[in-house]
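Subject: Structure handover

Hello,

The structure we discussed is below. My notes on it follow.

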Amino acid sequence: LITGITEIDKQTQLLALNASIEAARAGEHGKGFAVVAEEVKMLSVQSQEFSARIVQIVHDIQNVTTAASTSMTDGVKNVHETSAMLNEAGTVFQQMMQAFHTIADQIMDVSSASEEMSAGTEEVTAS
């Protein structure tokens, strides 16, 4: 698109130059044609300015797109890292739960042994 606009701009500049030359050759009779040639030249200059602005806008869009892409890539990376940490935390919590169950079972065993010892002590005391 930009290349096409640039080519049209170049052609317009050549037309303006050729029109100016022909107007000069025509002398007095070419004055009206010289005005038209000047207008074509002004259009060419405007076209050049617009082309430069379009190129700058496209460049800015590319920069923003690149930044957005980088940001998205970083975001995906962060999500993967966070997911891995959460999985690891889940594994640690499962291990803690298993340890708590083991401790609870051991406490139950100690409690049962304590009750047996208490019953035995009562028997010894009664004897």
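Is Glu7 buried, partly exposed or exposed? Glu7 has a relative accessible area of 39%, so it is partly exposed. The cut-offs are under 20% relative accessible area for buried and over 50% for exposed, with partly exposed in between (1.4 Å probe, protein chains only).

Before the rest, some ground rules. This is a predicted model, in which local features need pLDDT of at least 70, side-chain atom pairs count only at pLDDT 80 or more, and totals for chains, interfaces and linings use all residues. Residues are numbered from 1 along each chain as its sequence is written, and side-chain values use heavy atoms, with hydrogens and water left out.

Overall form

The protein chain has two helices and zero strands. Both kinds of element are DSSP runs numbered from the N terminus (helices H or I, at least four residues; strands E, at least two). The C-alpha trace spans about 145 × 15 × 10 Å along its principal axes. The radius of gyration of the protein chain is 44 Å, whereas a compact globule of 127 residues would have one near 14 Å. That radius is taken over C-alpha atoms, and the globule rule is 2.2 Å times the number of residues to the power 0.38.

Of the 127 residues, 8% count as buried. The chain exposes about 10400 Å², with carbon and sulfur atoms supplying 64% of that area. Accessible areas come from the Shrake-Rupley method with a 1.4 Å probe; for residues, only the protein chains shown count as cover.

Charges and salt bridges

There are 6 positive and 17 negative side chains, and the centres of the two sets lie 42 Å apart. Lys and Arg count as positive and Asp and Glu as negative, while His and the chain ends are not counted. Each charge is placed at NZ of Lys, CZ of Arg, CG of Asp or CD of Glu.

Side chains of opposite charge can pair when their charged atoms come close. The structure holds three salt bridges, each being a side-chain nitrogen of Lys or Arg within 4 Å of a carboxyl oxygen of Asp or Glu.

- Glu7 pairs with Lys10 at 3.9 Å, N to O. The two are three residues apart in helix α1 (residues 2-26), so about one helical turn separates them. Lys10 is partly exposed at 44%.
- Glu22 pairs with Arg25 at 3.5 Å, N to O. They too are three residues apart in helix α1, about one helical turn. Glu22 is partly exposed at 39%, whereas Arg25 is exposed at 65%.
- Glu28 pairs with Lys31, with the closest N and O atoms 3.2 Å apart. Glu28 is exposed, at 58% relative accessibility.

Helix α2

Val92 lies in helix α2 (residues 31-126) and is partly exposed at 38%. Val92 belongs to a nonpolar surface patch with Phe93, Met96, Met97, Phe100, Ile103 and Ile107, and together they have about 680 Å² of accessible area. Patches take residues with over 30% relative accessible area and no salt bridge, joining like charges within 9 Å and nonpolar side chains (Val, Leu, Ile, Met, Phe, Trp, Tyr) within 5 Å.

Ile54 is also in helix α2 and is partly exposed at 28%. Ile54 and Ile2 are 52 residues apart in sequence, yet their C-alpha atoms are 7.5 Å apart. Ser51, in helix α2, is buried at 8%. Ser51 and Asn18 are 33 residues apart along the chain, with 22 Å between their C-alpha atoms.

Regards
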